[in-house]
Amino acid sequence: MAASDKTLRDDPPGVPARRAALRLLDAVLRRGQPIEAALHNATQGITHAPDRALAHALAAEVLRRLPDLDALIDSATRQPLPPDAKARSVLRLALAGALQLRTPPHAAIATVLPLVDGGPRKLVHGVFGTLMRANATLPAVPALPADVADRWTAQWGEQLVAAARGLIAAPPPLDLSLKQPLADAPDGASLAPGHRRIPAGSDIAAADGFATGDWWVQDLAASIPVRLIGRGRGRALDLCAAPGGKTLQLAAAGWAVTSLDISASRLARLSENLARTGLSAEIVTADALAWSPDVPFDAVLLDAPCSATGIFRRHPDVLHRARPAFIAEMAELQSRLLARAADWVRPGGTLVYATCSLEPAEGEAQLALFLANRSDYRIVPATTAELPAGIVPGADGTVRTLPTMLVEQGGVDGFFVARLARAD
Ligand SMILES: C[S@@+](CC[C@H](N)C(=O)[O-])C[C@H]1O[C@@H](n2cnc3c(N)ncnc32)[C@H](O)[C@@H]1O
């Protein structure tokens with residue numbers, strides 16, 4: 001038996017989930033891993049599914065409220081704890097449990113103290129006790145990490161930062177993409193053809209039309225790239241396709257789809273999604289930097305890997321991982337992928353480039369660089385009629401969704417989308 005399994009087995013109830021949450025925080029904050037990618041390793045040895053879910057929820061809550069939790073901790077310590085001190089992470093977990101997840105305070109602290117055995121137990125206990133006795137609370141509107149707030153203020157202005165803070169205060173609603181206009185789907189607002197918006201926390205698996213595969217969960221902004229490709233008129237390549245929301249849209253729109261991704265495990269989820277919805281696509285597991293098609297496509301969608309800062313509402317780990325060096329690394333990968341994708345579009349065909357990022361380096365600047373190098377491509381401007389209500393194209397015909405949009409309706413993810421045509 002692995003040492004970690006033994007520790008987990010010997011832990012009192014509630015502790016294994018905190019131990020796993022601590023590993024998740026370490027994976028995200030120190031190693032820059034996405035929380036989903038770290039989940040399998042971090043929860044190894046935990047057989048009770050609710051404990052795995054609790055570990056994920058606790059770590060995600062800490063990441064969502066990190067600056068505010070740290071401000072509370074700092075208000076109760078004479079010497080600030082180093083940012084990477086284990087005592088700080090453990091206090092973050094105890095406070096997130098007690099203040100956000102309604103864990104009774106005595107349980108919130110008792111379940112983290114074993115994580116600092118042989119370490120600063122007294123300090124952790126003392127700081128937590130001081131804050132509980134003072135009835136400490138977190139501010140209603142969360143703070144963003146200072147570097148993200150500064151970058152987004154410089155890029156988009158203070159209004160965007162204020163809107164982004166408002167959006168992470170509460171879980172976002174869920175958007176559904178319908179397979180057909182008359183699909184069986186739960187009631188909800190419709191902000192575009194084939195769209196429904198339902199409340200956060202809805203029980204997806206029990207909702208009307210899930211079992212019959214009539215819809216899939218997909219943020220409204222994420223549906224824009226395929227809206228711009230339109231109804232099927234031939235063969236489409238969905239490059240970087242998994243887990244497959246856009247493949248499903250393309251297949252439902254009548255395209256003969258080839259879906260390529262480097263990740264076999266993510267493609268397995270794409271296959272499950274195809275099976276549930278009764279849609280089909282040819283699946284290719286390959287590195288797009290090494291693969292080439294035999295015949296060019298009528299349409300190519302490159303939903304490129306990116307910093308994913310546009311999906312911070314559901315994935316607060318991106319706020320802590322997307323440092324400038326990572327954004328630059330992703331932008332470099334996007335240029336290489338875009339150059340290859342452009343060669344796989346037939347003359348007269350369509351190329352759509354998209355990223356779920358709020359970083360211009362991965363959107364506007366990437367497109368400018370591409371157009372400077374490829375005189376055989378031009379922008380085909382998006383029209384307001386093609387876009388969800390409340391979203392309008394930019395002056396150059398590209399689409400940029402921001403946290404300041406559709407705020408009253410629950411917001412949208414941040415995306416950049418450009419539709420291009422290759423010269424005949
Ligand atoms: C933004 S996600 C795609 C989301 C997907 N289009 C959807 O709608 O569900 C980016 C994808 O790029 C894939 N990827 C990253 N590098 C790649 C490469 N060199 N070749 C192919 N796929 C790659 C990742 O595995 C990931 O699934």
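**Group meeting: helices, loops and a ligand shell**

Let me start with helix α8, where the face turned away from the buried side carries the exposed residues Lys-122 and Arg-133. Please keep in mind throughout that this is a predicted model.

On the buried side of α8 we find Val-124, Val-127, Phe-128 and Leu-131. These four cover an arc of only 95 degrees around the axis, which puts them on the same side of α8. As a reminder, an α-helix has 3.6 residues a turn, so residues three or four places apart point the same way. The helix itself runs over residues 121-133, that is 13 residues, and reaches 18 Å from its first C-alpha to its last, close to the 18 Å expected at 1.5 Å a residue. As for its surroundings, the buried residues of α8 pack against α5 (66-75), α6 (86-99) and α7 (105-110). Just after the helix comes Asn-135, which takes a positive phi of about 50 degrees.

Now to α5, one of those partners of α8. Its buried residues are Leu-66, Leu-69, Asp-70, Leu-72 and Ile-73, with an aspartate among them. Seen down the axis of α5, they fall within an arc of 155 degrees, so they line one face of the helix. What do these residues pack against? Their partners are α4 (49-64), α6, α8 and α14 (318-321).

The next stop is Cys-356, where UniProt, in an unreviewed entry, places the feature "active site". Cys-356 lies in the loop between β8 (345-355) and α16 (364-373), and, although it is in a loop, it counts as buried because it has 28 C-beta neighbours inside 10 Å, where 20 or more are required. Leaving aside residues up to four places away in sequence, Cys-356 touches Ala-222, Cys-306, Ala-308, Gly-310, Ile-311, Asp-413, Gly-414 and Phe-415.

Ala-308 is found in the loop between β7 (297-303) and α14, and with 23 C-beta neighbours inside 10 Å it counts as buried. Leu-406 also has a positive phi, near 55 degrees, and is found in the loop between β10 (399-401) and β11 (415-422). Is Leu-406 buried or partly exposed? With 19 other C-beta atoms within 10 Å, Leu-406 is partly exposed.

A further backbone detail is the cis peptide bond from Ala-242 to Pro-243, with omega near 5 degrees; Pro-243 is found in the loop between β4 (235-239) and α12 (245-252). In helix α12 itself we find Gln-249, which is buried, with 25 other C-beta atoms within 10 Å. Gln-249 touches Ser-177, Ser-223 and Val-226, again not counting residues up to four places away in sequence. The C-alpha atoms of Gln-249 and Val-226 are separated by 6.6 Å, while the two residues are 23 residues apart along the chain.

Finally, the ligand. It is surrounded by 17 residues, of which the closest are Cys-240, Ile-262, Ser-263, Ala-288 and Asp-303.

Technical notes: Residues are numbered from 1 along each chain as its sequence is written. This is a predicted model: local features need pLDDT of at least 70, side-chain atom pairs count only at pLDDT 80 or more; totals for chains, interfaces and linings use all residues. A residue is near a molecule or strand if its C-beta atom, placed from the backbone, lies within 6 Å of it. Helices (H or I, at least four residues) and strands (E, at least two) are DSSP runs, numbered from the N terminus. The expected span of a helix is 1.5 Å times one less than its number of residues. A residue is buried if 20 or more other C-beta atoms lie within 10 Å of its own, exposed if 12 or fewer, and partly exposed in between; C-beta atoms are placed from the backbone. The arc is that of the directions from the helix axis to the C-beta atoms. Two residues are in contact if their C-beta atoms, placed from the backbone, lie within 7 Å. UniProt positions are given in the numbering used here, feature names are shortened, and annotations may be inferred rather than shown by experiment.
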